[in-house]
Amino acid sequence: MTSPFITLARPAIQSMQAYQVGKPIEEARRELGIAHFIKLASNENPRGPSPAVLAALATASQDINRYPDGNGFYLKQILAERHGVDASAITLGAGSNDILELIASAYLDGDTSAIYSQYGFLVYALATARSGAESIVVDACNFGHDLSAMAGAVKNNTRVIYIANPNNPTGTYTHHNDLVALLDAVPASVLVVLDEAYCEYINKADYPDGIALQKRYANLIITRTFSKAYGLGGLRVGYSITDPIIADMLNRVRQPFNVTSLSLAAAQAALDDNAYLAESVALNDAGMQQLEAGFSALGLNYIESAANFITFETPNLASEMNQQLLQLGVIVRPVANYGLNNHLRVSIGLEDENAQFLQALTQILEPLKSDK
Ligand SMILES: *Cc1c(COP(=O)(O)O)cnc(C)c1O
């Protein structure tokens with residue numbers, strides 16, 4: 001019998017499923033009884049936090065009896081200066097996930113619709129479903145967003161288009177010209193959310209400068225995070241750059257103290273540590289080459305990625321290979337919840353973690369080869 005606590009929930013919630021997080025190392029240890037794991041499942045910075053961040057946290061921890069600055073004054077100042085925008089354009093979130101949810105809370109309800117891509121970051125589907133709005137899912141093109149089809153899918157009641165650039169879990173990215181074409185095609189009443197969670201890793205000429213475009217298109221929303229290249233996934237801090245009136249709307253639905261004092265201090269310190277960021281990006285570039293070379297040597301297809309992870313095709317069911325990798329102490333990310341049953345996503349790790357992952361793959365694939 002269905003529990004009344006399900007049927008009492010809002011209809012939009014009854015048909016939803018909770019977001020599946022990457023398996024924590026502790027959980028894998030408990031379940032499998034294997035002492036040593038490497039976790040390449042959540043696109044985290046593998047290097048550990050910057051020493052400057054740790055020092056800032058030590059100082060800020062003296063004051064954790066106090067509520068944080070609910071307006072994040074200093075962090076906004078630094079971000080505003082860094083990006084050449086007014087502080088009033090910035091909204092802070094507990095991770096950029098929080099911002100994606102704030103947009104849905106402020107702009108979506110049962111009378112509206114939101115558009116996102118097949119294989120688009122799952123939080124778009126969740127935020128849309130939770131709001132009760134209609135989800136318009138547009139078929140992917142070579143695993144990436146099909147921006148002209150997305151523009152073509154706009155209905156009268158469409159309020160939001162979510163674009164991940166690059167996208168998780170596919171690693172594909174949207175080119176400048178295609179984004180501009182979409183921005184020119186859709187009505188100014190449609191908010192275009194450009195989720196730039198991995199932008200720090202990209203160095204490509206045709207990658208759009210979202211913040212510059214935001215200055216031209218008032219309906220464009222840029223979201224960024226400290227969780228990936230800045231190495232602060234555990235602290236939950238991200239932000240958006242928008243028209244100041246949109247920022248006002250987001251602030252109306254935001255919890256007043258959504259970003260902790262420790263997160264604010266850490267983000268400020270992280271922004272100052274240019275060396276940490278540069279080293280993280282360089283490590284990622286090298287790790288990406290290492291994994292691409294490894295996949296090629298093993299004859300595995302992969303989706304070319306512009307981010308800090310790569311999604312590859314598995315010869316058999318991905319769930320099988322995922323279990324085999326776990327048995328060998330490697331945690332990667334199944335993406336069957338995206339409808340990708342023959343792919344796994346692996347985050348770029350430290351050099352020896354990447355090597356250990358490739359070694360495990362080799363071990364798994366050996367018996368398959370000799371079968372042939
Ligand atoms: C990781 C990720 C985020 C950011 O998550 P946070 O809440 O900032 O930790 C946003 N969008 C995409 C596509 C991501 O993969």
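This is a predicted model: local features need pLDDT of at least 70, side-chain atom pairs count only at pLDDT 80 or more; totals for chains, interfaces and linings use all residues.
**Notebook: the ligand and some salt bridges**

I started at Lys 228, where a side-chain N or O atom is 3.3 Å from an oxygen atom of the ligand. Taken alone, the ligand exposes 380 Å², and the protein buries 94% of that.

Next I looked up Tyr 198. An N or O atom in the side chain of Tyr 198 lies 2.6 Å from an oxygen atom of the ligand. Then I checked Asp 195, and there a polar side-chain atom is 2.6 Å from a nitrogen atom of the ligand.

Which residues are around the ligand? I wrote down Gly 95, Ser 96, Asn 97, Phe 121, Asn 168, Asp 195, Ala 197, Tyr 198, Thr 225, Ser 227, Lys 228 and Arg 236. I sorted this shell by type and got three nonpolar, six polar and three charged residues.

Where does the ligand sit? I found the ligand in the largest pocket.

Side chains of opposite charge can pair when their charged atoms come close. How many salt bridges are there by the rule I used? My count came to seven.

I looked at a couple of them. Lys 39 and Glu 44 form one through their side chains, at 3.0 Å from N to O. I also checked how open Glu 44 is: its relative accessible area is 36%, so I put Glu 44 down as partly exposed. Another salt bridge joins the side chains of Arg 47 and Glu 279, with 2.6 Å from N to O.

Terms used
Residues are numbered from 1 along each chain as its sequence is written. Side-chain values use heavy atoms; hydrogens and water are left out. A residue is near a molecule or strand if one of its heavy atoms lies within 4 Å of it. A polar contact is a pair of N or O atoms within 3.5 Å; within protein, one must be able to donate a hydrogen and the other to accept it, and residues adjacent in sequence count only if both atoms are side-chain atoms. Accessible areas come from the Shrake-Rupley method with a 1.4 Å probe; for residues, only the protein chains shown count as cover. On a 1 Å grid over the protein atoms alone, a cavity is a set of points where a 1.4 Å probe fits but cannot get out, and a pocket is an open set with protein on both sides within 12 Å along at least five of seven lines; lining residues have an atom within 4 Å of a point. A molecule sits in a cavity or pocket if more than half of its atoms lie within 2 Å of its grid points. Ala, Val, Leu, Ile, Met, Phe, Trp, Tyr, Cys and Pro count as nonpolar, Asp, Glu, Lys and Arg as charged, and the others, Gly among them, as polar. A salt bridge is a side-chain nitrogen of Lys or Arg within 4 Å of a carboxyl oxygen of Asp or Glu. Buried means under 20% relative accessible area, exposed over 50%, partly exposed in between (1.4 Å probe, protein chains only).
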